[in-house]
Amino acid sequence: MKVIYNGKPDVKAFKDVLGTRIPEMLDADPDLIYLDADLMSCIGTAKYAKAHPDRAINCGIAEANMAGIAAGLSAAGFKPICHTFGPFASRRCFDQVFLSAGYAKNDLTMIGTDPGVCAAYNGGTHMPFEDMALYRAIPGATVIDVTDTAMLEDILPKVVARQGVKYMRINRKANDLVYEAGSEFEIGKGVVLREGGDCAIIACGFMVGRALKAAEMLAEKGISATVVDMFTVKPLDEALVVELAEKTGCIVTAENHNRIGGLYSAVCDCLAANRPVPVGCVAVEDAFGEVGPADELAERFGLTAGHIAAEVEKTVARK
C-alpha cells in the first residue's frame with residue numbers, strides 16, 4: 001500500500017465505485033444478491049437492477065423489511081448486500097438486523113451512505129451520529145468506516161466475504177484521497193500513515209485526511225504526531241492502540257460521529273484495560289444533525305483539522 005495524500009479530494013466519488021463494484025461482484029458470484037431501499041439511483045446501481053431484477057431488488061422505503069428479507073435470503077444460502085442512507089441502515093432497522101441477522105447468525109452486509117455531516121443538505125433527520133455505536137453493540141459485528149475509493153475497491157469484497165453482521169459507513173461523494181489505487185487492506189488492522197513521537201491521532205473515514213492535515217499544522221509548532229487510519233472500528237486493532245500509547249504517551253481520536261459509542265469509546269475501552277494514558281476526542285458532542293454544506297457543518301460540530309490540532313495540544317499538555 002502507498003500513501004499519496006496531498007490534501008486534495010479524491011477525483012472519484014464513492015457512489016461511482018459502488019455503482020460499478022457491486023454489479024461486478026454480483027456478476028462474479030451467483031450467491032450474491034443486492035437489496036436497496038429505493039436509493040439505487042443514489043449509488044449508480046439502478047441500471048443494473050433494471051437489467052437484472054432477480055439479482056438486485058428494490059425493497060422500497062421499508063428498511064426494516066429489507067433487513068428481514070436479507071436475513072431470510074442468508075438463511076437460504078444467499079449472501080445479501082443491502083444499501084440505504086446511514087440513519088435508515090442503522091436506527092430505522094436496528095431490531096431486525098440485531099435479531100434476524102445477528103442473533104439468528106445470518107450473514108448481512110449493510111452499507112450506510114452519507115454518515116454524519118456528509119448528509120449535508122438532507123439535514124438532521126438524515127444525519128446519523130450514532131450509527132457506529134448501534135452496530136458496535138451487536139455481538140460479533142464488523143464495523144468499517146471507509147477512507148477513500150482506493151480502500152473501498154479493495155475492502156468491499158473482503159467485507160462481503162466475512163461472516164456475520166457487517167456495517168460499512170461510506171460517503172457518497174469524495175473524501176480526501178489518501179491511498180494509491182490498488183492498495184490492499186486487512187480488516188481489523190489499522191494503518192500507520194505518519195510517524196511521530198509526541199501524540200497519536202487515531203482517525204477514521206471522513207476525518208483521516210483532516211488528521212493528516214492537523215499533523216502538518218502541529219509539525220510547524222514542533223509537535224510530532226503519529227497518524228493512524230483505524231478504518232475498522234470493530235474489531236479494533238487493540239495491539240496497535242496499546243503500542244501507540246506506549247510510544248507517544250497520549251492519544252487523540254477523530255471521527256465523524258458522536259463521541260459516545262464510536263471510535264473514541266472503542267479506543268478508551270482498550271486503553272482503560274491495557275495502558276491508561278491521556279486521551280482527547282474530536283467528535284460530535286451530544287447533538288443532533290443540521291442542514292448545510294458538509295464543510296460548514298464540520299466547522300459547526302468541531303470536526304476540522306484545526307480542532308484536531310488544538311485537541312492534540314491540550315492532550316499533550318496532560319502527559
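Colleague: How many nonpolar, polar and charged residues are in the lining of the largest pocket?
Modeller: This is a predicted model, in which local features need pLDDT of at least 70 and side-chain atom pairs pLDDT 80 or more, whereas totals for chains, interfaces and linings use all residues. Residues are numbered from 1 along each chain as its sequence is written, and side-chain values use heavy atoms, without hydrogens and water. A pocket is an open set of 1 Å grid points where a 1.4 Å probe fits, with protein on both sides within 12 Å along at least five of seven lines, and lining residues have an atom within 4 Å of a point. By class (Gly counts as polar), the lining of the largest pocket holds 11 nonpolar, six polar and six charged residues.

Colleague: Which helix gives the most to the lining of the largest pocket?
Modeller: Helices H9 (208-219), H12 (294-300) and H13 (305-316) each supply at least two lining residues; a helix is a DSSP run (H or I) of at least four residues. With four residues, the most comes from H12.

Colleague: Where does the largest share of the lining of the second largest pocket come from?
Modeller: The second largest pocket has a volume of about 210 Å³. Among its 14 lining residues, Ala101, Gly102, Tyr103, Lys105 and Pro139 lie nearest its centre. The largest share, four residues, comes from helix H6 (residues 94-103).

Technical notes:
Grid points are joined across faces, edges and corners, and a volume is the space filled by probe spheres set on the points.
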